[in-house]
Amino acid sequence: GDAYDIDAGRTGNALVVDAGVAVSVSTPWLTTNRTMIAGFAFKLSASGNAGYLGTLRQPDGDGTSVAYENLDIRVTANLALNLWVAGVTNNTTANNIVTTGNWYYLEIKAYCDNTSGTVEVRLDGTPVMTYTGDTQLGSTTPNYFSSFAFRGGGVSQRITFDDLYICDGSGSTNNDFLGDCRVQTIWPDGDASGNMTANSGSDEYAMVNSHTLNTSNYIKDTTTGNQCVFTYESLPITPNTVLGVMVTTESMLSGNLMRGHRALSQNGAGTINATTQLFPTTAWAQHGSTTEVFETDADGSAWTPNLIDTARWGVRVV
C-alpha cells in the first residue's frame, strides 16, 4: 500500500519507509557467520517522532526461518540514536546528534553470542555507541544474524534509506566497517562476445539494458556453455575505491528443458570468472539467487576505477 515510496537519493533513487505503519523491508537469509556488518545512508523527514532505522535479524529456534528482530537502531523524538538489544535500550547518544532533512551514514557491526557479544555503531565514520553482552536473544536461537531489515515506527516520521551494504566476518576482504559507500548502477552498452540469441534484432546488449524489467526484450539459449559478455557504461562518478560489483539478472525458465545460468566477470578481454550455478523459475523474477557479488576482478585483483572501466560482465548457460 502506501507504506513505501521511491524518492531521490544521494546519487539516484532511494527507498522511503513511512514510519507510521508497522512494516519492514528485509533481505533474504544471507549468512550463518557470527559477525554481521551493515551500513546505509538515511534522512529524516521531521523531528518529534521516534522511528526505527535498521535491525539485524536472527533465525528462529530451529534455524528454519528469519523470526527475531533482535538488534535495533532507532531514532528518538529528541533526535538521539538508540541501540536496542532484545527489546531493551542499552545505549543512547546525546540529543540532536542528527537533524532533519540531512543525509547521514550509519554503520553497525555486531558479533552474536549469548554472553560475550559485541556491538559498535558508527555515524559518518565516528563511533557513537558500543555494547558488550548477550546479543543472541538467549541460548535457544542460533548464534548468528541471518538478515537485515529497514523498519517503520513512530507517528509521522518518514525515513529515506540509500546505499546499503551488508557484510559478514568471513573471507579476507569486506569483513569489517567499509565506511560511507555509494551504490552506482551501470548498464550494458555493447556486445563484447558471445553466442546467445537476441529475441529481436541482432544486438544482444540492447535486449538486456532496460532500466526496468521489459519482458518483450531478452536473450535466450538452451546450449550449455553458450554465453553473452557485454561492455558497460563508464561510472557516473569516480570513486576513491571500489569494494565490489553486484551483477543482477532478471530471468525465467521457458519450456521443459531445465537450464540454469551463471553470472560472468571478465578482466578486459582476458580471464573470465563465473559464479555458482543459478536456477530461474517459470516466471520472470529478480531475487536473491540471481544477484551475484564479485569482490575482486576475474584475476583476483582488487577493483579499481580503471578496472571497472575496462571490465565486462555477462551470463552463461549451465
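This is a short tour of a predicted model, stop by stop.

**Stop 1: the open sheet**

Start with the strands E1, E2, E13, E4, E9, E10 and E11. In that order, these seven strands form an open sheet with antiparallel pairing. Now select residues 4-8 and 126-133. These are strands E1 and E11, which stand at the edges. Each has a single partner strand, so one side of each is left without a neighbour in the sheet. Look across the sheet: its neighbouring strands are turned by 30° against each other on average, direction ignored.

E1 and E2 run antiparallel and are joined by five bridges. Pick Ile6 and look for its bridge partner in E2, which is Leu15.

**Stop 2: aromatic pairs**

How many aromatic pairs are there? The count comes to eleven. Select Phe40 and Phe161 to see one of them. Their ring centres are 5.7 Å apart, with 65° between the planes. Planes over 60 degrees apart count as edge-to-face, so this pair is edge-to-face. Phe40 lies in strand E4 (residues 35-44), and Phe161 lies in strand E13 (residues 158-168). The pair therefore ties together parts that are 121 residues apart in sequence.

Next, select Trp303 and Trp313. Their ring centres are 5.9 Å apart and their planes stand at 45°, so this pair is tilted. Trp303 is in the loop between strand E21 (291-294) and helix H1 (305-310), while Trp313 is in strand E22 (residues 312-317). Trp303 is buried at 5% relative accessibility, and Trp313 is buried at 2%.

**Stop 3: charges over rings**

Select Arg74 and Trp84. Arg74 lies over the face of Trp84, 3.6 Å from the ring centre. Then move to Arg122 and Phe177. Here the charged end of Arg122 sits over the Phe177 ring, at 3.8 Å from its centre.

**Stop 4: a loop glycine**

Finish at Gly87. Where is Gly87? Gly87 is in the loop between strand E7 (81-85) and strand E8 (88-92). At 48% relative accessibility, Gly87 counts as partly exposed. The C-alpha atoms of Gly87 and Arg158 are separated by 22 Å, and the two residues are 71 apart along the chain.

Notes:
Residues numbered from 1 in each chain as written. Predicted model: local features only at pLDDT ≥ 70, side-chain atom pairs only at ≥ 80, totals over all residues. Heavy atoms only, no water. Helix = DSSP H or I, 4+ residues; strand = E, 2+ residues; numbered from the N terminus. Buried < 20%, exposed > 50% of the residue type's maximum accessible area, 1.4 Å probe, protein only. Pairing = 2+ DSSP bridges. Axes fitted to C-alpha atoms, helices over the stretch in contact; angles between N-to-C directions. Phe/Tyr/Trp six-rings, centres within 6.5 Å; stacked < 30°, edge-to-face > 60°. Lys NZ or Arg CZ within 6 Å of the ring centre and 35° of its normal.
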